[in-house]
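Dear colleague,

I am passing on a structure for you to look through.

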Amino acid sequence: KAMRNHSVVPEFVLLGLSAGPQTQALLFVLFLVIYLLTVMGNLLLLVVVNADSCFHTPMYFFLGQLSFLDLCHSSVTVPKLLENLLSEKKTISVEGCMAQVFFVFATGGTESCLLAVMAYDRYVAISSPLLYGQVMNRQLCVGLVGGSWGLAFLDALINILVALNLDFCEAENIHHFSCELPSLYPLSCSDASASFTTLLCSSILHFFGNFLMIFLSYICILSTILRISSTTGRSKAFSTCSSHLTAVIFFYGSGLLRYLMPNSGSIQELIFSLQYSVITPMLNPLIYSLKNREVKAAVR
């Protein structure tokens, strides 16, 4: 009700991937295949991690959480993207748009926290392997995951409550395939500076805070690995981190590039957005299963 008083525009038009009908049909097939692979890959990893008792360790508990998150994260944007590729009018209601903003923020934020938690887990595993089971006990793991969800949802809630005060009067074209806060600022006919400042502060605290934790964990991991005398020990220690590091580079690389770029609706911006909201959730199960002998064996 409050939103209706503010907004004259009842809905937005998502013009992100509008092209000729043939191109859109091809894109539809492409993204449908990607989405089905994402769902199947992450569900398979979830089943494997929960079914086999040899995977009941902190690392795989976090990996299961990451799979569940990737399912949520891609399901926030991809079904609507697929619907728009098939329909003539590519509209989304203002409420629907705000809901999408909230859930993109919440799931992306949780993933950012979880990647930091996983970096800490790898640090404990490599620096004190004998105490690993005691340090990373079930209680701590559940607490860290719960904290990640709680923090990200709080962050998303604060941002969305400030964003609900934006007025939208006439401009309704979003040059993007999903609703993200930066795309809404140019459309607002009211002052967006409060929302922009909130977004900036929370992004710096949340994403850069987590990134700093990952960075520091890896500096500690590296110094521990360099102290290992045997070459096989070194390569084994490093291989346990390589998949996590790959996931971090994909998620943070594309996410940062998307949010640091000026909001122009350019093709690069769309590509970076697709990378972290559509492609990364599909790649995560692959990254983890291809580089992990135990997961490969269990899947077989």
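By the rule used here, the count comes to 2 cavities of 30 Å³ or more, where a cavity is a set of points, on a 1 Å grid over the protein atoms alone, at which a 1.4 Å probe fits but cannot get out, and where lining residues have an atom within 4 Å of a point. Grid points are joined across faces, edges and corners, and a volume is the space filled by probe spheres set on the points. Please keep in mind that this is a predicted model, in which local features need pLDDT of at least 70 and side-chain atom pairs count only at pLDDT 80 or more, while totals for chains, interfaces and linings use all residues. Residues are numbered from 1 along each chain as its sequence is written, and side-chain values use heavy atoms, with hydrogens and water left out.

The largest cavity holds about 70 Å³ of space, and its lining includes Leu 14, Gln 24, Leu 81, Lys 90 and Phe 177. This lining divides into 5 nonpolar, 5 polar and 1 charged residues, where Ala, Val, Leu, Ile, Met, Phe, Trp, Tyr, Cys and Pro count as nonpolar, Asp, Glu, Lys and Arg as charged, and the others, Gly among them, as polar. Its largest share, 3 residues, comes from α3; helices (H or I, at least four residues) and strands (E, at least two) are DSSP runs, numbered from the N terminus.

The second largest cavity holds about 40 Å³ and is lined by Met 59, Met 118, Asp 121, Arg 122, Thr 240, His 244 and Tyr 288. Here α4 gives the largest share of the lining, 3 residues.

Turning to the cores, the largest nonpolar core has 37 residues, and those with the most contacts inside it are Phe 62, Leu 115 and Ile 214. A nonpolar core is a set of buried Ala, Val, Leu, Ile, Met, Phe, Trp, Tyr and Cys residues joined through side-chain atoms within 4.5 Å, and buried means under 20% relative accessible area, exposed over 50%, and partly exposed in between (1.4 Å probe, protein chains only). Leaving aside neighbours within four places in sequence, Phe 62 is in contact (heavy atoms within 4.5 Å) with residues including Leu 114, Met 118, Asp 121 and Cys 141.

The structure also holds 2 disulfides, a disulfide being a pair of cysteine sulfur atoms within 2.5 Å. One of them joins Cys 97 and Cys 179, whose sulfur atoms are 2.0 Å apart. Cys 97 lies in helix α4 (residues 94-127) and Cys 179 in the loop between β3 (173-174) and α7 (181-184), so this pair ties together parts that are 82 residues apart in sequence. Both Cys 97 and Cys 179 are buried.

Cys 169 and Cys 189 form a disulfide too, with their sulfur atoms 1.9 Å apart, and because the torsion about its S-S bond is about 55 degrees, this link is right-handed. Cys 169 is partly exposed, at 32% relative accessibility, and Cys 189 is partly exposed as well, at 42%.

Cys 141 counts as buried, at 4% relative accessibility.

With best wishes

Methods. On a 1 Å grid over the protein atoms alone, a cavity is a set of points where a 1.4 Å probe fits but cannot get out, and a pocket is an open set with protein on both sides within 12 Å along at least five of seven lines; lining residues have an atom within 4 Å of a point.
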